[in-house]
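The sequence and the coordinates are shown below.

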Amino acid sequence: MTLEQYAHAVMSGTQPILDHDAFVYQFGTTDDYIKIITDWAIANNLTIIDAHKGTSTVKLSGTAGQFNSLFNIELEDGNDNGR
């Protein structure tokens with residue numbers, strides 16, 4: 001079941017609301033996938049700010065130059081009428 005299917009089923013009353021642990025088990029990522037990302041980050045000299053398998057997120061910190069090089073992008077400052 002996808003997260004979208006689960007949400008529709010809960011809203012229609014055909015699926016009970018999962019407790020936190022069951023939700024993370026069903027829809028979160030695995031420790032192995034988190035490790036793949038954190039190992040890659042460490043190997044590329046990025047700082048791991050947070051890693052959470054329940055939300056499938058790894059927050060990283062590094063310089064704009066590091067991210068530009070690693071992702072083949074060019075981060076730039078932008079200004080739209082002073083914002």
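## Salt bridges

A salt bridge is here a side-chain nitrogen of Lys or Arg within 4 Å of a carboxyl oxygen of Asp or Glu. Because Asp-39 and Lys-35 are four residues apart in helix H3, about one helical turn separates them. Asp-39 is partly exposed, with a relative accessible area of 37%, and Lys-35 is likewise partly exposed, at 46%. In these terms, buried means under 20% relative accessible area, exposed over 50%, and partly exposed in between (1.4 Å probe, protein chains only).

By this rule the count of salt bridges comes to two. The other pair joins the side chains of Lys-53 and Asp-31 at 3.5 Å, N to O. This pair links distant parts of the chain, 22 residues apart: Lys-53 lies in the loop between strand E1 (47-52) and strand E2 (57-61), and Asp-31 in helix H3. Lys-53 is partly exposed, with a relative accessible area of 35%, whereas Asp-31 counts as exposed because its relative accessibility is 53%. Helix H3 covers residues 31-43.

## Basis of the model

The model is predicted: local features require pLDDT of at least 70 and side-chain atom pairs count only at pLDDT 80 or more, while totals for chains, interfaces and linings use all residues. Residues are numbered from 1 along each chain as its sequence is written, and side-chain values use heavy atoms, with hydrogens and water left out.

## Overall architecture

The protein contains four helices and two strands, in the order α-α-α-β-β-α from the N terminus. Helices (H or I, at least four residues) and strands (E, at least two) are DSSP runs, numbered from the N terminus.

The radius of gyration of the protein is 18 Å, whereas a compact globule of 83 residues would have a value near 12 Å. This radius is taken over C-alpha atoms, and the globule rule is 2.2 Å times the number of residues to the power 0.38. Along the principal axes, the C-alpha atoms fill a box of roughly 50 × 40 × 20 Å. Asp-31 and Ser-12, 19 residues apart in sequence, have C-alpha atoms 32 Å apart in space.

Of the 83 residues, 16% are buried. Among contacts (heavy atoms within 4.5 Å) with a separation of 6 or more, residues 24 or more positions apart account for 24%. The accessible surface comes to about 6,600 Å², and carbon and sulfur atoms hold 53% of that area. Accessible areas come from the Shrake-Rupley method with a 1.4 Å probe; for residues, only the protein chains shown count as cover.

## The loop between H3 and E1

Asn-44 is placed in the loop between H3 and E1 and counts as partly exposed at 25% relative accessibility. A polar atom of the Asn-44 side chain lies 2.8 Å from the backbone oxygen of Trp-40. Apart from neighbours within four places in sequence, Asn-44 is in contact with Gln-66 and Leu-70.

## Helix H4 and the segment after it

Asn-68 belongs to helix H4 (residues 64-71). A polar atom of the Asn-68 side chain lies 2.7 Å from the backbone nitrogen of Leu-75. Residues up to four places away in sequence aside, Asn-68 touches Ile-73, Glu-74 and Leu-75.

Ile-73 is in the segment after H4 and counts as partly exposed at 40% relative accessibility. Together, Trp-40, Phe-71, Ile-73 and Leu-75 make a nonpolar surface patch of about 370 Å². Patches are made of residues with over 30% relative accessible area and no salt bridge; like charges are joined within 9 Å, and nonpolar side chains (Val, Leu, Ile, Met, Phe, Trp, Tyr) within 5 Å.

## Positive phi angles

Asn-72, in the segment after H4, has a positive phi near 50 degrees although this residue is not a glycine. Asn-72 counts as exposed, at 73% relative accessibility.

Ser-56, also a residue other than glycine, has a positive phi of about 55 degrees. Ser-56 lies in the loop between E1 and E2 and is partly exposed, at 40% relative accessibility.

Methods: A polar contact is a pair of N or O atoms within 3.5 Å; within protein, one must be able to donate a hydrogen and the other to accept it, and residues adjacent in sequence count only if both atoms are side-chain atoms.
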